[in-house]
Amino acid sequence: MRAPLSWLRDFAQFPDDIRGLTAALDDLGLVVEEVEHVGEGLESIVVSEVTEITPIEGADKIRRVVVEAGDGPLEIVCGASNFEVGDRVPLAPVGAVLPDGTAIGRRKMRGVESNGMLCSGRELGLSDDGAGLLVLGDDIVASPGTLLTEALGLKDTVFDITVEGNRPDAWCMAGIARDLAARLGLPFTLPEPPAPPPSGVPVADGAQASVEDLDLCPRLTVSVLSDVVVGPSPRWIAERLTLAGMRPINNVVDASNYVMLERGQPTHPYDIERLGGRGLIVRRAGPGETVETLDGVTRTVGDRGADCLICDGENVPVGVAGIMGGASSEIAASTTEVLLEAAYFTPMAIARTSKRLGLRTEASARFERGCDPWGIDAAVNRFSQLLAESTPGLTVRDGTIDIRGAVPEPFTLAVPLARVRRQVGVPLTAEQIAALLDPIGFTTGAGDGPDLTVLVPTNRPDVRPAPYGIDDVIEEVARTFGYSNIPPHTPTWPEPGHLTALQRSRRLVKSVLGGLGASEGWTNTFVSEEAHRRVGLRGPAVRVSNPLLAEEPYLRRSLMPGLLGALAYNADRRQGSIRLYEVGVVFSHPDEGGPRVVERSGAGGSQKASLPLERELLSAVFAHHDDDARSAVGAWRVLADAFRVSGVRLVAPGPGELPALPAVLAGLHPTRAAQLVADGTTIGAVGEIDPGVATDFGLTHPSGTGTVARRIGWLEVDLGLLFDERVVPRRAMLAAAVSRFPSSDIDLALVVDDGVPADVVADVLGAAAGDLLESVTLFDVYRGAHIGEGRRSLAFRLRFCSLDHTLTDDEVGVLRGRCIDAAVAQLGAVLR
Amino acid sequence: MSEPIESDIEQILREGAAAIAAAASTDDLAQVETELFGKRSVLSGAHRSLGSLDPEQRKEAGRRLHEVRAALESQVATRRAVLADAERAELLIADRLDLTEVISDQVRSPVSRGHLHLVSQTRDELEDVFAGMGFEVAEGPEAETDWYNFEALNMPPDHPARGTFDTMYLDIGEPETVLLRTHTSPVQIHLMEEAVRQGTLPIHAVMPGKCFRLDTPDATHLPVFNQIEGLVVDRGITFGDLAGTIQTFTTAYFGEGMRSRLRPAYFPFTEPSAEFEITCAICRGEGCRTCSNIGWVELGGCGMVDPAVFVAVGIDPDVWSGFAFGFGIDRLALMRHEVPDMRLFIENDIRFLSQF
């Protein structure tokens, strides 16, 4: 809200120190977003009076003008012609600089010396009028030589202030001034406007009002003003409205807006002649009722039975209560009698309707935060007082029609001094607290012993009833005391700070992936239906009811679409030879049959709601130009090693027909993918992106005359499972002995069926080799015609070592024999 | 209809169907298609010969010819799908790799390290600073109910402040009950509920995580963003403790000479509430364009936990008091590393990622 300093000074004698005022406002939470110095750049412009106008020989566009600006006659050459001798016009003397930067110098034109420049409104940045000089009207009292800024009242400072949503009391000039005066220790006065002189005609003669739903409108007052002459506002009112950012319209509407800006109470003037039944009925809207608002839009209200309508005396809607009036009863040039509505509406009802209609106005914003229901009477008198200035014959009907339901009343809180001290952290005395609260409208009194009694005024709806209101009052104590005056103290406690095991594990995962040359990406949580389909995922996805993008309404079930998209983005920029990973959450629909997460929901948390199951995944794409499924397998081995995990098997569909893939392998190459299985629980997948999927994402490279899909390795691990040692056991962090004796290697090349995975062979060898085995490593795979279709040779190196002696050839020979026998017996292997 | 034409047409259908069925590959099928439907195909020939028939016959034969063409086209499509599937299967089967056969020594090793996302680096650093100050690091789910995101935080249904959160709701259960958290504050509620259940108060925790709001992405906003919050619930905690904690953090994270200050603000879940500002890191408080010549930049919000929040989770506000604070991790990273546009964080351009 824009607050001119001159207006604030109606209520307290604020000093000129703008920096100090700005700092004080900021510290009060009335944050100054901008300070505007009105009249800036016009400091050297003065008022001059035209004393002589003569033509210049040989020139028809310019004339010689003599002006008086306080220091004797000045000769000026001027091109404008909209003025006469005796008019007062702005003069930029020699040496002046106009707001646009033009410097005024002494010039000679057609033999005539020009000692300055007479200015138009546009040249001074005061209006759009550049057709002629800015001629001052008779209402402006200023002798020649007066500074123009003084003559026009342009010397002002406007603070653009953001008022927090809980401070409706401060959303007006008087409210800002009240806080600021209290902070600066200045007396604050908000004049009580006098009641209009009696007219002898009661308001109820020829006007009526009723409220059918007092829950929506707890207080309605109606006044009637007669003998109104609609016209422009007095200059000072129009100027103040303009400075505050509102456009002057006419004296009636301006008076209403002025009262709102001054006191925070919106009012609504109607042309009573245009109100059916010369009155108002305030009631709840029926389903589907319509009303045409001032902006010309026909609005449907009443769907949830919570909208409040203003109707005329014949029950025809003429406005949405507290939000916007209607065009039918608007003040017009012909209006002579005004009905003024001033009401208190239930804040929540206004908030609901305003939100639902998507219609927010100066009035609705104030009503929804909560206006002062007992500030209405002063606001109505102030309106009459202002309107009387421009309508000297104004008569106001006696009294108001005042309908009241449960109107909020001031209430008393017993504020424990100990709690104030405990929350704020400053040992304030009762007197100190009272001195902070009283100047901003609270009334304090000695309470029972340890309590301070605080009477909460009705313009402070942010202060709740007891017990929570106590802390609202404490906030006011802290705020007016000054947050910056509260001594900071850093608390300590015996409990140590730390990351959880899961967080440390997550960091280890990222560190491993970084070591593998993969960079961390961040892809969108929201995906299209298409995105899931493209990577082969079927089944329900969780949908956002009000998505940001209509085409991306689903919560991702996989990180694959995002990562492949990121790869394609980079590939399009000729930088597709990269590795990327993401650690992020994917969502399963509660209908999917997985474990259900049930949480408190609804009013008071009394109901239960099912939530999507969230799983945190590591997914990685290996897309260096020579990457493929092997890179992903290698990455998994490094990751497993980092977590001291050895029991996880790669379970792939057997050779032969193309297998149907489980969901965890969706989007993967059916014969180059495996599930990561820990003792029966699938914890992830490893493999290669299905060439069809890669092609679909544009991840191809040229081949012959066309293109073929790029080979892209894929690793996905459910981190919740990987980190759960009950699911994936880890080797204990206990030292095992390291032998001081030399080790012996034997190499075995075994021919086995394709259906027997190599790791199964390694396991059989390991089991047969016994305790002396140090490691078993696959070092060669060979397929060829003389081995036979559907079989291959796997070459393993087994390293043996004893802790207490050097192994003899005989010992190693026996172990070798056992290993071969086991492979032959259990796997049908043939030694090559 | 004349007999010869009719039998010709039926023969075309029979032979065409046989040819389609006999095609052994998609390439074969393409050949068959040309033969069947091309300009010199029997179908086209039969079509041309319609001209010699009388109008009544022409109509009938033309209709039949059209049917036959449609039938054959449909057979081609079906056959093509079968063949394509088989060819894909054959290729994939031939491409088989037993992943247990991968030989570690033959796997490509990286020659350059990968990069942790700048936002993750910032988050890690914040976690470490707070852990050093005695905070544990807690997390919570991204989808929440209205209770955890709003009501327990002193924002009952229809509370005007709810409107400022631009909430995304999920199509689950009753309308507007399940949502994507708009801030990390629901984690506070979970932590306090849990501490009450387990009898493990006090709480000293920070809570980083993703949050969601209906915000169109621009240079300084993302609809999915990261926040970190802190919560202290203990005996005798004061606003002065909050100010001191913010100051200690500011120095620990931003460095010596960096100051913080608190400004009154409004949040439904804290009372008193404040915004906290820190010395502008660009000009060190001298005043510059970044801080609009103020010397301070706003970092986040904070305040003393509102007693209504304590009551909602079953904590006695006469015994315990506490404070909470929160700010955007992405925004902090943006400021600190002079990132010109927040959308760079989600673009995943390797030229951006690998700078950090």
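The following legends describe close-up views of a predicted model. Local features need pLDDT of at least 70 and side-chain atom pairs count only at pLDDT 80 or more, whereas totals for chains, interfaces and linings use all residues. Residues are numbered from 1 along each chain as its sequence is written, with chains lettered from A and ligands numbered from 1 in the order in which they are written.

**View 1. An open antiparallel sheet of five strands in chain A.** The strand order is 5-4-3-6-9; strands are DSSP runs of E, at least two residues, numbered from the N terminus, and two strands pair if DSSP finds at least two bridges between them. Strand 5 (73-78) and strand 9 (116-118) of chain A stand at the edges with a single partner strand each, so one side of each has no neighbour in the sheet.

**View 2. Pairing of strand 3 and strand 6 of chain A.** Strand 3 (residues 46-56) and strand 6 (residues 88-93) are joined in the antiparallel sense over four bridges. A:Ser48 has A:Val89 of strand 6 as its bridge partner.

**View 3. Surroundings of A:Val686.** Leaving aside residues up to four places away in sequence, A:Val686 touches A:Trp636, A:Leu650 and B:Leu99, among others (contact: C-beta atoms, placed from the backbone, within 7 Å).

**View 4. Helix 15 (residues 560-572) of chain A.** Helices are DSSP runs of H or I, at least four residues. Buried residues of helix 15 (20 or more other C-beta atoms within 10 Å of their own) include A:Leu563, A:Leu567 and A:Asn570. Their cover includes strand 29 (579-588) of chain A and helix 12 (350-353) of chain B. A:Arg574, with a positive phi near 60°, follows helix 15 of chain A.

How values were computed. Two residues are in contact if their C-beta atoms, placed from the backbone, lie within 7 Å. The expected span of a helix is 1.5 Å times one less than its number of residues. A residue is buried if 20 or more other C-beta atoms lie within 10 Å of its own, exposed if 12 or fewer, and partly exposed in between; C-beta atoms are placed from the backbone.
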